[in-house]
Amino acid sequence: MNAPITIARQGTGMPQPIRQSEEIQKLKGTLLKDIQRSAYVYRVDCGGCNGCEIEIFASITPLFDAERFGIKVVASPRHADILLFTGAVTRAMRMPAIRSYEAAPDPKICVSYGACGCGGGIFHDMYCVWGGSDKIVPIDVYIPGCPPTPAATIYGFAMALGLLNQKLKATSHVQGESERVKLRHPGVPAELRVLIEREARRMAGYRMGADIADDFLGILGTKSSESLEARIQEYLAKENDPRLSEIVTNLCDISMKAIAAN
Amino acid sequence: MLKLFKTILKTGDATLKYPFAPAPVCDNFRGKPEYTPEQCIACGACAVACPPNAITMKARPEAGTHTWELFLGNCIFCGRCEEVCPTKAIVLSKEFELAVGNKADLYQNATFRIANCACCGKPFAPQKAVEYAIDVLKQTGANAQVVEERRKLLETCSDCKRKQSIHAGEMIELRRYLDEGKDA
């Protein structure tokens, strides 16, 4: 049962990823063209943080219900059609992962799940990490995310089974001749902008603060027949959030002081 | 039994219709980082902030280019790039359908030109970053004369700036020490 597994090595002595023979690839193609049965999933943990596992199980709960498409998580690789590799492939989990790959019957679909599976994620440069499941087995579908949401998981499964098409494409841009960056909020003096951004970030944190400052500067910078106060009141009434009201009142004070000083 | 059926009918269907209908996504959802290369000044703040090094910057001074690259496979969708971007060239969208069959489709890149120092002619900073600095200076309300004076400064590399400030300033004594250091 546990026959020794021999792995081809490169010239440098590093093990090569396992390759699929052409016959098996052809077999997989014919299976995917006319799949008339459930697809069973076995998840292979190659040293992940368990975040991905939680999302996989979230996607088979009644709310997302992957089982209505016949996608079922099974307990043994010998039952599996789809192998889900999660985790960054640590040195210790590499052989168990290869073993479960060998144990699954052909034709099998391999899926790289999560940021760690796709390229090592946050652990990509650690000494004991192989950096992605494509370094050990042939991968058919990559599902990025940290972890992927249940909806992204279902989309990935549908792509693996050839039911949905890929949306993402690689892009490449080369700087044009007269390419120039647009300044943000050109109507507001730079010093005032800095003061407002600083105060908003102090009160609401870095990301939300930047969003609030952006909204406020947008209102401040646009010219309108209505008074500034009326427009801000309108904005606050729309958002209806006492925390936002307090922050924006502070921002108003700062801008009034700056305008009075000039 | 009938009561049970009534309850079931009243409760309705909890399962989401996805993938047949779009999945509901909350307001602050952090999905695929949407990059606008036209708005990017190639300052590299995102590459420094990125925890898993999904965003990288590579300078090729011999070719006069600076390349920004995002590998979505490593991205953990933390939104730090959005936080630090001074021009909002990168913003996290609500897109989550990112699965690909080919790993190459997870890469995005953009190439920018590097400006040469006005003094020594060596490449020193992305051209768009220099132009942006001048534009911000104009926005502060500086008059045309000041902008022209500062432009020279902004288009000069730090090495030349140091030398020039020693030449032009009244710190001639300092220059002597600099030359002595070179001889030693």
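Predicted model: local features only at pLDDT ≥ 70, side-chain atom pairs only at ≥ 80, totals over all residues.
Local features are given only where pLDDT is at least 70 and side-chain atom pairs only at pLDDT 80 or more, while totals for chains, interfaces and linings use all residues. Residues are numbered from 1 along each chain as its sequence is written, with chains lettered from A and ligands numbered from 1 in the order in which they are written.

To start with the overall picture, chain A holds 9 helices and 6 strands (DSSP runs numbered from the N terminus, with helices being H or I of at least four residues and strands E of at least two). Its radius of gyration is 27 Å, well over the 18 Å that the globule rule gives for 262 residues, so chain A is more spread out than a compact globule. That radius is taken over C-alpha atoms, and the rule is 2.2 Å times the number of residues to the power 0.38. The C-alpha trace of chain A spans about 85 × 45 × 35 Å along its principal axes. Chain A is split into domain 1 (22–160) and domain 2 (190–261), with bounds from an automatic or database domain assignment. The C-alpha centres of these two domains of chain A sit 47 Å apart.

Of the 262 residues in chain A, 35% are buried (20 or more other C-beta atoms within 10 Å of the residue's own; exposed means 12 or fewer, partly exposed in between, with C-beta atoms placed from the backbone).

Next comes the sheet. In chain A, 5 strands make an open, parallel sheet in the order β2-β1-β3-β4-β5, where pairing takes at least two DSSP bridges between two strands. β2 (71–73) and β5 of chain A are at the edges with a single partner strand each, so one side of each has no neighbour in the sheet. On average, neighbouring strands of this sheet are turned by 30° against each other, direction ignored (axes are lines fitted to C-alpha atoms, for helices over the stretch in contact, and angles run from 0 to 180 degrees between N-to-C directions).

Helix α5(A) lies across β2, β3, β4 and β5 of chain A, at about 175° to β5(A).

As for the meeting of the chains, the contact takes 51 residues from chain A and 50 residues from chain B (two residues are in contact if their C-beta atoms, placed from the backbone, lie within 7 Å). α5(A) gives the most to chain A's side, with 7 residues. That side divides into 28 nonpolar, 12 polar and 11 charged residues (Ala, Val, Leu, Ile, Met, Phe, Trp, Tyr, Cys and Pro count as nonpolar, Asp, Glu, Lys and Arg as charged, the others, Gly among them, as polar).

B:Asp105 sits in the loop between β4 (90–92) and β5 of chain B. B:Asp105 is partly exposed, with 19 other C-beta atoms within 10 Å. Leaving aside neighbours within four places in sequence, B:Asp105 is in contact with A:Gln166, A:Leu168, A:Lys169, A:Ala170 and B:Val100.
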